[in-house]
Amino acid sequence: MNLLPIEIKVNIEGDVAAALSALDGAGAATTTRRIWFAEDRDGVAEGRVRLLDAGVIVRFRNGGGPDELTVKLRPCTREQLVGRFEEAFDVTPITYRIEEDWSADRRVVAASLTHGHPSGALLGAVQPGADPTASIDAVQDQFLDICAPVVELDGLVALGPVLSTKAADVALGDLEVDLEAWRVAGLEFLEASIRVKPKSGENADELTARAERRQRKLEEAVRELGVTVSELPESKTHRVLTTLAAAGRP
């Protein structure tokens, strides 16, 4: 199997505006989007996130360009990604990506299948009473059927919207960092992330060692600016969805 690119994430706690200013993200060009997640309706009524707990994320994005519907498996294994989903591909309007996802000490494999739609086309799917699964296309449905066959997408409800503000390629020392702030239900998160791509001729141990050095550099660069790096391994998606489900917010 081919080596996977690695996305390294650092979650920042505290005052998001102050953190953005310290990281110089406030002056960078930003993209604002709204994000919804589909979850099991009965589970949400009980304050639970059954899809997320099964390693499945269904995400809708609107704003800043085409709408996007993403179906993601995280965590997953390379072994469960079979058939046409063994390797990444990009055939407009579909992008399929496999990568490692690192946050603090958590390291998992994630596979995501994104379908682009005209701006505003997905808004109907996230309205109260709508069926979020109606916009899932045949390839995404096949992806779940083959790679996560025990997961059922019946009876879903959209949670959100989350307000996302993203600044790409912000200079932080000699790193180019993506910054994304999320705001919803009284929560504020800021995530700094970089991607490490395999080099030609590099083996798995060499890639891991290089990514670990980049992770330390990112964490150190953030801390040197006086902002607080979260030690929590949970993703911002997990924290937002569990909060929305606990509040019973379809």
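The model is predicted.

**Overall form**

The secondary structure of the chain consists of six helices and 11 strands. Its radius of gyration is 18 Å, close to the 18 Å that the globule rule gives for 250 residues, so the chain is as compact as a globular protein of that length. Along the principal axes, the C-alpha atoms occupy a box of roughly 45 × 45 × 35 Å. Of the 250 residues, 50% are buried. Among contacts between residues at least 6 apart in sequence, 68% join residues at least 24 apart.

**Salt bridges**

Across the whole structure, 15 salt bridges are found. The table lists three of them, including the distance between nitrogen and oxygen.

| Glu13 | Arg239 | 3.0 Å |

The side chains of Glu13 and Arg239 meet in a salt bridge. This pair links distant parts of the chain, with Glu13 in strand β1 (residues 6-13) and Arg239 in helix α6 (residues 236-246), 226 residues apart. Glu13 has a relative accessibility of 26% and therefore counts as partly exposed, since the partly exposed class lies between the buried limit of under 20% and the exposed limit of over 50%.

Glu99 belongs to strand β6 (residues 94-103) and Arg195 to strand β10 (residues 187-196), so the pair ties together parts that are 96 residues apart in sequence. Glu99 is buried, with a relative accessibility of 6%, while Arg195 is partly exposed at 31%.

Salt bridges also link Lys9, Arg74, Asp101 and Arg106 in a network.

**Aromatic contacts**

The structure as a whole contains six aromatic pairs. One of them joins Phe85 and Phe89: the ring centres are 6.4 Å apart and the planes stand at 40°, so the pair is tilted. Phe85 is buried, at 0% relative accessibility. Tyr96 and Phe143 form an edge-to-face pair, with 5.4 Å from centre to centre and 70° between the planes. This second pair links distant parts of the chain, given that Tyr96 is in strand β6 and Phe143 in helix α4 (residues 138-147), 47 residues apart. Tyr96 is buried, with a relative accessible area of 2%, and Phe143 is buried at 0%. Phe85, Phe89, Tyr96 and Phe143 form one aromatic cluster.

**Charges over rings**

Arg107 lies over the face of Trp102, at 3.8 Å from the ring centre. The charged end of Lys236 sits over the ring of Trp182, at 4.5 Å from the centre of that ring.

Notes
Residues are numbered from 1 along each chain as its sequence is written. This is a predicted model: local features need pLDDT of at least 70, side-chain atom pairs count only at pLDDT 80 or more; totals for chains, interfaces and linings use all residues. Side-chain values use heavy atoms; hydrogens and water are left out. A salt bridge is a side-chain nitrogen of Lys or Arg within 4 Å of a carboxyl oxygen of Asp or Glu. Helices (H or I, at least four residues) and strands (E, at least two) are DSSP runs, numbered from the N terminus. Buried means under 20% relative accessible area, exposed over 50%, partly exposed in between (1.4 Å probe, protein chains only). Rings of Phe, Tyr and Trp (its six-membered ring) pair if their centres lie within 6.5 Å; planes under 30 degrees apart count as stacked, over 60 as edge-to-face and the rest as tilted. A charge sits over a ring if NZ of Lys or CZ of Arg is within 6 Å of the ring centre and within 35 degrees of the ring normal. The radius of gyration is taken over C-alpha atoms; the globule rule is 2.2 Å times the number of residues to the power 0.38. Contact means heavy atoms within 4.5 Å.
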